[in-house]
Amino acid sequence: MAKVTISFTLDDNKDKRLLRWLESLPKRGRSEAIREVLTAHLDHNSITLQDIYEAIMDLKRSGLAVTPQDDSRPQSDVPADVLDNLSKLGL
Amino acid sequence: MEVNTVNIGLDLGYSATKAVSTRRKVKFPSVVGTSDKARFSFSQDGAGIILAEPAHVLVGEQAVTQSRFVNRREDRSWIESAEYYHLALAALTELTTATVAELRIVTGLPVAFYNDKDILRNLLLGEHRATREGRRAQVFKVTDCRVIPQPFGALLAEALDDRGNVADKALATGNVGVIDVGGKTTNLLSVSRLSEIGRETASVNVGAWDVVRAVRGWLADHCPNLDLRDHQVVDAIVARQVKYYGEPQDLGPVVDAALEPMAEQVIAQATRLWNGGANLDAVLVSGGGALLLGPAIEAYFRHAQVVSEPVFANALGYWRFAQHLSNAQQ
């Protein structure tokens, strides 16, 4: 089996996160780590007709539920003093 | 007739005016110039901002390229000048073409001038009338206005979502330093649980234009006949090279020479103010100069990061805060 080398470019500003991650990899393990990430991405995104058929059958069985979105709901997970500080900002 | 309130984030900087609403995001140079009828009569295609009311002036890029006389102030009383008012109105006409609009505006002031917030608030609150060349007159009714310390905008842009809800709880509940590198000044803000810590907040009189000026001076000496606009000089500084008669010229040494003392000054002030910065959960770097100074600040503070869209960060944060106020009122 022949070894194939593929080069690609990155933008040092837009792709800062990717660059940091790549630079954090040990020099001897870079290719393997990149292969794993690419494989995981392809596996995750390869939707088959079977997946679509099953999703339709699920919908048929359980029906479509629509939950109204409430934008004005209080943010209960944010501490009250933080929300209070926010509301007073600029007063 | 029911009028919906439009939420607006307005960031008037010495260099550029940025404004954000739900639908639009605009930016133009903070320049107001005299109108020159002989010229602009040929180009009424809507490309530029020409105010006919409250005064006949060119604003933004149009003023830079066409006005015989331009006003570009950089002082504390700028907010009380006609130019500032015209820039604010021009921004509003860029965001909406509605003939009558009810607005909630969130804007900011440099931390050193924050005591002037009531002056600015009173200036913006109330009814304003503006007319753009070729458009119908517009009336802006500002019913609510908040003025916050400028760098707060960048933090709110990161901590809130587009609905104004807290999206990043760690940032909202943590201790955060913000370094806002503007054109003329760099503002340092320390925030704990979304409340400003006054004793850890200050302003440094250096900004991105110091670097641009230094590089422009070098180019005048070494690359005569190379006529670059300001944003092209900034691009060249970020790329660290410029093409002169097709040949790349290395700007690395001159950029480093200009950036180093500036970065050192900002970092020294931040370190002193924030007692080394180790107790902060994050340091956010924003502003038009963030792309220039960011790398040096990130290299010094391991938890520092340049925010996404650093130029628009303050305006975006103001708008998100306006969205929050709007939701809270409902």
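User: At roughly what angle do helix 9 of chain B and helix 10 of chain B cross?

Analyst: This is a predicted model. In it, the axes of helix 9 of chain B and helix 10 of chain B come within 10 Å. Their relation is classed as oblique, and the crossing angle is roughly 50°.

User: Which residues of helix 10 of chain B meet helix 9 of chain B, and how do the residues of this contact divide by class?

Analyst: From helix 9 of chain B the contact draws on Leu259(B), Met262(B), Ala263(B), Val266(B), Ile267(B) and Thr271(B). Facing them in helix 10 of chain B are Leu292(B), Leu293(B), Ala296(B), Ile297(B) and Tyr300(B). By class, the residues of the contact of helix 9 of chain B with helix 10 of chain B are ten nonpolar, one polar and no charged.

User: Are helix 7 of chain B and helix 9 of chain B roughly parallel or antiparallel to each other?

Analyst: The axes of helix 7 (residues 208-222) of chain B and helix 9 (residues 252-273) of chain B come within 9 Å and cross at roughly 150°. An angle over 145 degrees counts as roughly antiparallel. Helix 7 of chain B and helix 9 of chain B are therefore roughly antiparallel.

User: What is the handedness of the crossing of helix 7 of chain B and helix 9 of chain B, and how many charged residues does their contact have?

Analyst: The crossing of these two helices is right-handed. Helix 7 of chain B contributes residues including Asp210(B), Val211(B) and Trp218(B), which meet residues of helix 9 of chain B, among them Val255(B) and Met262(B). In the contact of helix 7 of chain B with helix 9 of chain B there are ten nonpolar residues and no polar ones, and the number of charged residues is one.

User: How far apart are the axes of helix 5 of chain B and helix 11 of chain B?

Analyst: Helix 5 (residues 152-159) of chain B packs with helix 11 (residues 313-329) of chain B at an angle of about 65°. The crossing is left-handed. Residues in this contact include Gly153(B) and Leu156(B) of helix 5 of chain B, and Gly317(B) and Phe321(B) of helix 11 of chain B. The axes are 6 Å apart.

User: How much area do chain A and chain B bury between them?

Analyst: The contact takes 21 residues from chain A and 24 residues from chain B. Carbon and sulfur atoms account for 52% of the buried area. The area buried between chain A and chain B is about 1900 Å².

User: Which residue of chain A forms a salt bridge with Glu298(B), and why does the pair join two chains?

Analyst: Three salt bridges are found across the interface of chain A and chain B, and Asp81(A) with Arg193(B) forms a salt bridge with the closest N and O atoms 2.7 Å apart. For the salt bridge of Glu298(B), the closest N and O atoms are 3.8 Å apart. Glu298(B) lies in helix 10 (residues 290-300) of chain B and its partner in helix 1 (residues 16-24) of chain A, so the pair joins two chains. The partner is Lys16(A).

Conventions. Residues are numbered from 1 along each chain as its sequence is written. Chains are lettered from A and ligands numbered from 1 in the order in which they are written. This is a predicted model: local features need pLDDT of at least 70, side-chain atom pairs count only at pLDDT 80 or more; totals for chains, interfaces and linings use all residues. Side-chain values use heavy atoms; hydrogens and water are left out. Axes are lines fitted to C-alpha atoms, for helices over the stretch in contact, and angles run from 0 to 180 degrees between N-to-C directions. Helices (H or I, at least four residues) and strands (E, at least two) are DSSP runs, numbered from the N terminus. Angles under 35 degrees count as roughly parallel, over 145 as roughly antiparallel, 65 to 115 as roughly perpendicular and the rest as oblique. A crossing is left-handed if the near helix is turned anticlockwise from the far one by less than a right angle, and right-handed if clockwise. Contact means heavy atoms within 4.5 Å. Ala, Val, Leu, Ile, Met, Phe, Trp, Tyr, Cys and Pro count as nonpolar, Asp, Glu, Lys and Arg as charged, and the others, Gly among them, as polar. Buried area is the accessible area (1.4 Å probe) that two parts lose on being put together, summed over both. A salt bridge is a side-chain nitrogen of Lys or Arg within 4 Å of a carboxyl oxygen of Asp or Glu.
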